[in-house]
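Here's a quick walk through how this protein chain packs. Have a look at the model first, then read on.

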Amino acid sequence: MGGFECYCAVCCASLRWCDAIGSASPRALERRDRRVAKKRLRLKNGEDGDSSDSESEEDEEEEDEDDLEADEPDWYPEEEDRLYDPRLVSEEETQWLSDSRCLGFNPEADGVNRAFLTSHASLQEYGRIAVSPGTDPAQPSELEYDCYETYDESQLVVFPFHPPCYEILSRTISSLSGVSKIDKNILYDAMSRLSKEPKRHLDINYGNLSGNEQFWAAIPGEEFSVANPLDVDDFQHHLAEKIDSGTFELSQDMSLDASEPGSQEASPFVNLPSLIIRCIANYLKAHDVLSFSSAFQSVYWATQDSHFWKRMLLNDMPWLWDSKDVFDNEKSPQLDYRALYFWLDEATAPIFGTGSPFMAIANRRRIWDASQQLEATYSRLAKLAVSLEPSRDIVEKARCPYMVKVTKTELSKAAIRLQEVFWVHSWQEISDFPTIIETFWNGEDALIGINCIVGTSQRMFGSKTAGLGPTKEALRLGAGQWISGMHLHLKSRTSSSGADTVVVTGITFELEDKANYKLGKTAPALGIRPILVSEGQCLVGITGQLNSDGTLARLGILECSKDSIGDAEALKNQEFNKERAFWAPSNMVPTRGAFYSDSSTVWSHAHLGFLAIFPNPISDLEENLEPYEILLWAKDIQELSKLHQISAQVSLVGILGLSAEYIERYWEPKRSLGKKIEGEPGTSAAGENSAIQSLGLNVDGAAGEIIVQIGVPQGEELTGIMLSTNQGNSVVFGEDNRTWSTHQAPEGRREDASLEFLRRSEAIVSQK
């Protein structure tokens, strides 16, 4: 793409001053005036401004050739098409564009106000912006941010703007919402919701503007878009002169010389007082008022009052806030406010070809119109109210499918009172409000608390201050984003009392849109325990047990569906959802081809199916700190052809380990799970394990042989495993039980990929 620029969130103009100023040569100026006039006429007629008929193109080419033949070497026609008119714009007059600020959000700030305004900001390449340290207490220490979108999920974006544009936005919100001060939190939320494709400005209508391309383009005829909207002195002087003269020229298409309509006694308005008629007219646009008055005599006379049009002018043109004194101090009491209204409506319109002295006020009007769209979202969000208590429906339907034990504790789950916190109080909250998730850690980096903040409502689990030197890390979820699971990162350590224990040092929040956010310490070497939301369910809270030192002992989620159908569907997969949580983390996950890699976790991989064939009781799993390991003997179809053998080490007590071996020339090392015994079975090196046997099933993967079936005993103990291939070969690891329960991958999966792996010989997982 070669880089790109981002633009002001309020006006969509450049964040850099402009030096693209054209030639002041008389022939260059004449050419520019001619081309701007033609384009303006095409736009007025509803045509494409950049198109022209073949005859016009030939005329323009001939005119350009005449210009080139002239003895004026300081300008070239093709360059002038991307340069501003020097009579309207100078480099100095565009310096205000480079003085920008940013609106950002810091989820780790203290207090309610976490959005911040920066001091001076400077646009960098690829949508980055550098900011200076500011005085806003919520501003973090970082001095460079991404505008509108980011590929770093740990960072939040900022929205850049020009100070004059922010003042217009503030006035717009104050005028329409009746607030004296902008709530930065709400404004950041509003801009976030309006930040869609393309991610270089907000998704609102900025008016007649075409220079906001990949890089800012200086389009002749759009000089008004770079005029400072607060620098309107030239317009004010011109307005005062027009009012003094009392002459307001209108376009040929606009006429105010409508005659009084004939007598209409049957009119529904004939008996209405003039005050009522004017109140009705206030709901109409000015041009509609003219049509209304030309149809009914009573309306005609009611709207002839000059004060009616003065009030309409002040109401409909709030961007003229600094011209009110001019209107109030006119020398002539007979000022025709109706004519003044329509002259201002035409003169200040931000249209192509707008010139001096109207450029700044036209740009202000354009920015006010854009601000009104932003204000509509701001006002809607400001009216939303947070539920202080969870709804009865959510409380009654919520359940904890399983609870993960993350550290050793003497108390059983039944012997202690669990803490329970609802993070969702109503289903509407998820789409209406952004959410802040705060995590708190003691001085030894152990998790002591999680806080969910919705609006001003704090929903705290655990503690913010347990232990010495607590710290906080936080993230912000936009409205509509929600959590589908949490991965707890575990680390063994020695406590202050000298006892060995396990603590949660980090959390990865998995979202419904597949994004992941990491808080705390989440190094790959740490152990992981996932807590996943069941299919068809929604996370509504968390429940768990804390140790006496404030660290986490057990944690589970509270989930429920938004309807009864979801509840029934979740119950079907309940065992699967529970057992996934006790798999060991694995970076060895399937791919969909030789050059495709899926970064999903093994617990929620998009191409894995699960079939439990020898499940353990969930109560046993919840009390066990040891995760279940995975043997993946083929991560894609190509790897199946490299498989040579599945082998096992078996003793009198059962199967000790399993491994997958490949052909000699394949680079993939042997994969295994379970216990490894040093030395050959039967030798002194094996010691007490001298009764170990090594068994194997040879698989001719190159010839298309694959494992298609797994068998387990029909009893209550897993004393053996049987594997069978599609070519009739089989092996029994462990006790050869004659009453096998056999299982295959579900129909439609085996032939598609024929990819299976074992979880302690108790499950089949196949690729879709």
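## The nonpolar cores

In this predicted model, the largest nonpolar core holds 97 residues, and Leu-202, Trp-309, Leu-340 and Leu-344 have the most contacts inside it. A nonpolar core here is a set of buried Ala, Val, Leu, Ile, Met, Phe, Trp, Tyr and Cys residues joined through side-chain atoms within 4.5 Å, and buried means under 20% relative accessible area (1.4 Å probe, protein chains only). Helix H13, residues 359-382, gives the most to this core, with nine residues. Helices are DSSP runs of H or I with at least four residues, strands are E runs of at least two, and both are numbered from the N terminus.

Take Leu-340: leaving out residues up to four places away in sequence, it touches Leu-239, Phe-248, Leu-313, Phe-327 and Leu-335. Contact means heavy atoms within 4.5 Å. There's also a second, separate core of 45 residues, which includes Cys-452, Trp-482, Ala-515 and Ile-557.

## A helix pair

How do helices H8 and H10 cross? The axes of H8 (residues 286-295) and H10 (residues 306-316) come within 12 Å and cross at roughly 155°, with axes being lines fitted to C-alpha atoms over the stretch in contact and angles running from 0 to 180 degrees between N-to-C directions. The two helices are therefore roughly antiparallel to each other, a label for angles over 145 degrees.

On the H8 side, the contact is made by Ala-286, Val-289 and Leu-290, and on the H10 side by Phe-308, Trp-309 and Met-312. The contact residues divide into six nonpolar, no polar and no charged; Ala, Val, Leu, Ile, Met, Phe, Trp, Tyr, Cys and Pro count as nonpolar.

Four bridges join E8 to E17 (residues 538-546), and Val-421 has Ile-542 as its bridge partner in E17.

Another open sheet of four strands runs E11-E10-E9-E12, again with antiparallel pairing. Strands E9 (residues 435-441) and E10 (residues 447-454) pair over seven bridges, and Glu-438 stands opposite Asn-451 in E10.

## Reading the numbers

Residues are numbered from 1 along each chain as its sequence is written, and side-chain values use heavy atoms, leaving out hydrogens and water. Since the model is predicted, local features need pLDDT of at least 70 and side-chain atom pairs count only at pLDDT 80 or more, while totals for chains, interfaces and linings use all residues.

Conventions: Buried < 20%, exposed > 50% of the residue type's maximum accessible area, 1.4 Å probe, protein only. Parallel < 35°, antiparallel > 145°, perpendicular 65-115°, else oblique. Pairing = 2+ DSSP bridges.
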